[in-house]
Amino acid sequence: MRSLEEVELIIGNSGKNFSGVTSITIQLLSYQYKEINLAVLGSSFIPDEFKTINFYQFIKLTKNKLSNGKNRIFFTRRNDEMIQGLIAKYIFGSKIKIIFLSTAQRNHTKFTKWLISKMDSVISTSKKAASYLVKEPDAIIPHGVDLKRFSSPINKEDSWDKLNFPGTLGIGIFGRVRHSKGIDILVDAAINILPNYPFATVIICGETQIEDQPYKKKIISKIEKANLEDRIIFLGKKTFEELPSLFQGMTVVAALSRNEGYGLTPFEGMASGAAVLTSSEGVWDEIIRDGIDGYVVDTDDVNQTSEKLDLLIKNSSKTKIMGENAAEYVKQNFSIETEAKKLIGHIRHVQNNETF
């Protein structure tokens, strides 16, 4: 049994809503746990098998160095977590080194820049995200996919049939139902295209929070006006355990965000044998091979999205090959196990005061 006193890595988990960041944190934990003694600061959504601590325990735990004389590492992904780390380090005297992982592809506020400047090390997930930092990050480590959870089904058609949705071909979009995720772009494109393909169905899977209900109602109104209620379906929020089978059933996975830091759902779709249709946000246009794994379209472009969606549905044999290409590509290059090992390697560098 690993002792709490010898925890080397503490991972920030300040988010109160389940998000892509939360999902990545959870998926990495089982791989990181094999390599290092860790705990998570904040218990929201964290599986019971992993140690979690509150802020008081964090301060108490980090008041002394490890028994080998090294500092513990506090790994952060959010502003709130950087603030927690700086309070612990400079007000309570915690013996920690703080690492910040930056995925945002936007100009940071002055306050965020200041927080980042106080970190002991900064990692980015892509060249594009790194370009928004004031100085070059110490490492670029792309996110990976948990290939134990997301994998190609033996038979895509059977996987779709098991979901009991109408038609024979599924187009899925996953994530919060809100304007920034571009759900409306897919719906507008589908309204243009689906009347030509009665066998195709769009599945929208994700939570709608109170502030986004008016946005969802506008989308539903469009769907009803087009008489496509039975073929553009809102599933609502699904559990972590339910998602893999949904991805396996999809022939196409769309991700059309207007603003995205990284965005894992296309990679989860690719690992599940689906072709992808994405905007040029996040890291997607940096990694997805256009015309091989699917298509990348201009952000917020309904016409281009309609055109590529039409191709994906019409040329189903080619789309199937794209899904197979995508699954192999992710398997070879973007496993979460590889990501976890690279992160632990970097954490050890920081802990050992090694230069980059």
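Q: Which element gives the most to the lining of the second largest pocket?
A: That's H13, with five residues in the lining. Keep in mind that this is a predicted model.

Q: What is the volume of the second largest pocket?
A: About 380 Å³. The lining of this pocket is made up of 21 residues, and the closest to the centre are Lys156, Glu157, Thr251, Gly273 and Lys320.

Q: And which elements give two or more residues to that lining?
A: Helix H6, residues 156-163, and helix H13, residues 316-333.

Q: How do the lining residues divide into nonpolar, polar and charged?
A: There are seven nonpolar residues, 10 polar ones and four charged ones in the lining of the second largest pocket.

Q: OK, switching to the cores. Which residues touch the most other members in the largest nonpolar core?
A: Leu9, Phe75, Phe174, Phe267, Met270 and Ile347, out of 56 residues in that core. Helix H14, residues 336-351, supplies the largest share of this core, with six residues.

Q: What does phenylalanine 267 touch?
A: Leaving aside residues up to four places away in sequence, phenylalanine 267 is in contact with Val145, Tyr262, Val283, Trp284, Ile287 and Val330.

Q: How many residues are in the second, separate core?
A: That one has 32 residues, including Ile183, Ala254, Leu256 and Leu277.

Q: What does leucine 186 touch?
A: Not counting residues up to four places away in sequence, the contacts of leucine 186 are Ile171, Ile173, Val202, Ala254, Leu256 and Leu309.

Q: New topic, rings. How many aromatic pairs does the count come to?
A: The count is 12 aromatic pairs. Take phenylalanine 58 and phenylalanine 74: their ring centres are 4.8 Å apart and their planes are at 40 degrees, so this pair is tilted.

Q: Which parts does that pair tie together?
A: Phenylalanine 58 belongs to helix H2 (residues 55-61) and phenylalanine 74 to strand E4 (residues 72-76), so the pair joins parts 16 residues apart in sequence.

Q: Is phenylalanine 58 buried or exposed?
A: Buried, at 0% relative accessibility. Phenylalanine 74 is buried too, also at 0%.

Q: What about phenylalanine 174 and phenylalanine 247, how far apart are they centre to centre?
A: They are 3.9 Å apart, with 15 degrees between the planes, and this aromatic pair is stacked. The pair links distant parts of the chain, 73 residues apart: phenylalanine 174 is in strand E8 (residues 169-174) and phenylalanine 247 in helix H9 (residues 243-249).

Q: And their relative accessibility, what does it come to?
A: Phenylalanine 174 has a relative accessible area of 9% and is buried, and phenylalanine 247 is buried at 1%.

Q: Which residue touches Phe174 and Phe247, along with Val253 and Ala255?
A: Threonine 265 does, not counting residues up to four places away in sequence. Threonine 265 lies in helix H10, residues 265-271, and is buried, with a relative accessible area of 18%.

Q: One last thing: which residues do ring pairs link into a cluster?
A: Phe18, Phe45 and Phe240.

Terms used
Residues numbered from 1 in each chain as written. Predicted model: local features only at pLDDT ≥ 70, side-chain atom pairs only at ≥ 80, totals over all residues. Heavy atoms only, no water. 1 Å grid on protein atoms, 1.4 Å probe; cavity = no way out; pocket = protein on both sides within 12 Å on 5 of 7 lines; lining within 4 Å. Points joined across faces, edges and corners; volume = space filled by probe spheres on them. Helix = DSSP H or I, 4+ residues; strand = E, 2+ residues; numbered from the N terminus. Nonpolar A, V, L, I, M, F, W, Y, C, P; charged D, E, K, R; others polar. Core = buried A, V, L, I, M, F, W, Y, C linked by side-chain atoms within 4.5 Å. Buried < 20%, exposed > 50% of the residue type's maximum accessible area, 1.4 Å probe, protein only. Contact = heavy atoms within 4.5 Å. Phe/Tyr/Trp six-rings, centres within 6.5 Å; stacked < 30°, edge-to-face > 60°.
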